[in-house]
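Subject: Structure handover

Hello,

Here is the structure I promised to pass on. Please have it open while you read the notes.

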Amino acid sequence: MRLVFAGTPEVANPTLRRLAAEHEVVAVITRLDAPQGRKRVLAPSPVATLAEELGIPVIKANRLDDEVTARVKALDAELGVIVAYGGFVREPLLSTPRLGWINLHFSLLPRWRGAAPVQHAIIAGDAVTGASVFQLVAGMDAGPVFQTLRTPIGAHQNAGSLLGSLADDGAGLVSEVVRGLADGTAVSIEQQGETTLAPKLGIEDARLDWSRGSAEIYQRLRGVTPEPGAFTTVAGERFKILEAEPARDAPPLPPGHIRLDGRTPVIGTADTPLRLVRVQPSGKKPMAAADWWRGAQAGSGQAGNAAGSTIEMVAE
């Protein structure tokens with residue numbers, strides 16, 4: 001089958017690679033090169049990089065406008081496949097391929113329609129999530145569903161690892177649907193159940209509120225890892241928390257108070273503390289939380305205190 005593929009981040013690559021091995025992908029649409037890293041050097045998207053490796057023509061555009069529509073129409077593609085492109089497909093592009101467009105979405109639709117379904121599923125404490133392949137329509141993530149897969153959310157799994165797993169499994173799901181559309185056996189059904197929304201997360205969504213319970217904070221931390229990245233403030237400066245874990249055996253602490261427990265620092269919540277594992281203070285590289293604590297105490301002239309001392313810092 002002649003396909004056109006639209007996607008941008010790394011999670012779209014497993015599907016692109018699978019489809020390129022099984023069908024004729026006549027073009028890839030991806031977003032324009034964007035600044036990357038500390039030096040903000042312009043770099044192609046992961047999908048653009050893979051497409052070039054595979055020898056597939058690339059159309060770079062941040063909006064799927066009339067020009068993109070005309071280029072796709074000229075390709076005479078039978079089907080469009082989209083995975084995390086980062087923009088809406090509207091008419092007339094929506095109906096330009098003969099079979100329209102299908103979308104791989106990382107949720108069990110209609111739960112978590114929107115840009116950040118995996119993140120919201122973890123933040124909400126869902127026990128199960130999955131992926132859906134559906135027919136793209138004008139409404140956001142509202143089209144009938146061809147196939148789904150379900151997967152449990154690990155108690156300590158973060159959004160990055162879960163999304164990577166769903167991207168790999170979802171590639172096979174898309175492959176099955178494309179095969180069914182090619183031979184005429186694919187069947188879709190309208191979405192059923194309560195609709196919930198998963199809008200894109202901003203930086204303030206990643207701020208941890210220590211007045212909440214530890215379970216709720218831990219869910220948010222995992223849900224915003226690695227992006228936009230959980231953080232708090234310590235001594236008035238932004239302080240990223242890259243990894244933490246429940247510390248049910250640690251003595252209670254007031255919310256936001258940080259104290260050494262054994263060899264690692266713990267931070268208080270509304271109930272049981274969380275143990276800090278990896279952190280990134282402002283202007284520094286990621287480090288083990290124990291190393292940060294030792295350096296912070298040395299800098300305050302308190303390095304001689306033993307483990308279990310009453311020295312505390314406060315996060316806000």
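Below are the aromatic contacts, the charges over rings and a surface patch. Please keep in mind that this is a predicted model.

Aromatic pairs

A search of the whole structure gives two aromatic pairs. One joins phenylalanine 239 and tryptophan 292: the ring centres are 4.7 Å apart and the planes meet at 55 degrees, so this pair counts as tilted. Phenylalanine 239 belongs to strand S11 (residues 237-246) and tryptophan 292 to helix H7 (residues 289-299), so the pair ties together parts 53 residues apart in sequence. Both phenylalanine 239 and tryptophan 292 are buried.

Tryptophan 292 also pairs with tryptophan 293. Tryptophan 292 has a relative accessible area of 8%. For tryptophan 293 the value is 4%, so this residue is buried, the cut-off being under 20%. Phe239, Trp292 and Trp293 make up one aromatic cluster.

Charges over rings

Arginine 31 places its charged end over the ring of tyrosine 85, 5.9 Å from the ring centre. Arginine 222 lies over the face of tyrosine 218, at 5.3 Å from the centre of that ring.

Surface patch

Which residues form a nonpolar patch on the surface? They are Phe88, Met140 and Leu197, with about 310 Å² of accessible area together. Methionine 140 sits in the loop between strand S8 (128-135) and strand S9 (145-152). Its relative accessibility is 38%, so methionine 140 counts as partly exposed.

Best wishes

Definitions and conventions. Residues are numbered from 1 along each chain as its sequence is written. This is a predicted model: local features need pLDDT of at least 70, side-chain atom pairs count only at pLDDT 80 or more; totals for chains, interfaces and linings use all residues. Side-chain values use heavy atoms; hydrogens and water are left out. Patches are made of residues with over 30% relative accessible area and no salt bridge: like charges are joined within 9 Å, nonpolar side chains (Val, Leu, Ile, Met, Phe, Trp, Tyr) within 5 Å. Accessible areas come from the Shrake-Rupley method with a 1.4 Å probe; for residues, only the protein chains shown count as cover. A salt bridge is a side-chain nitrogen of Lys or Arg within 4 Å of a carboxyl oxygen of Asp or Glu. Helices (H or I, at least four residues) and strands (E, at least two) are DSSP runs, numbered from the N terminus. Buried means under 20% relative accessible area, exposed over 50%, partly exposed in between (1.4 Å probe, protein chains only). Rings of Phe, Tyr and Trp (its six-membered ring) pair if their centres lie within 6.5 Å; planes under 30 degrees apart count as stacked, over 60 as edge-to-face and the rest as tilted. A charge sits over a ring if NZ of Lys or CZ of Arg is within 6 Å of the ring centre and within 35 degrees of the ring normal.
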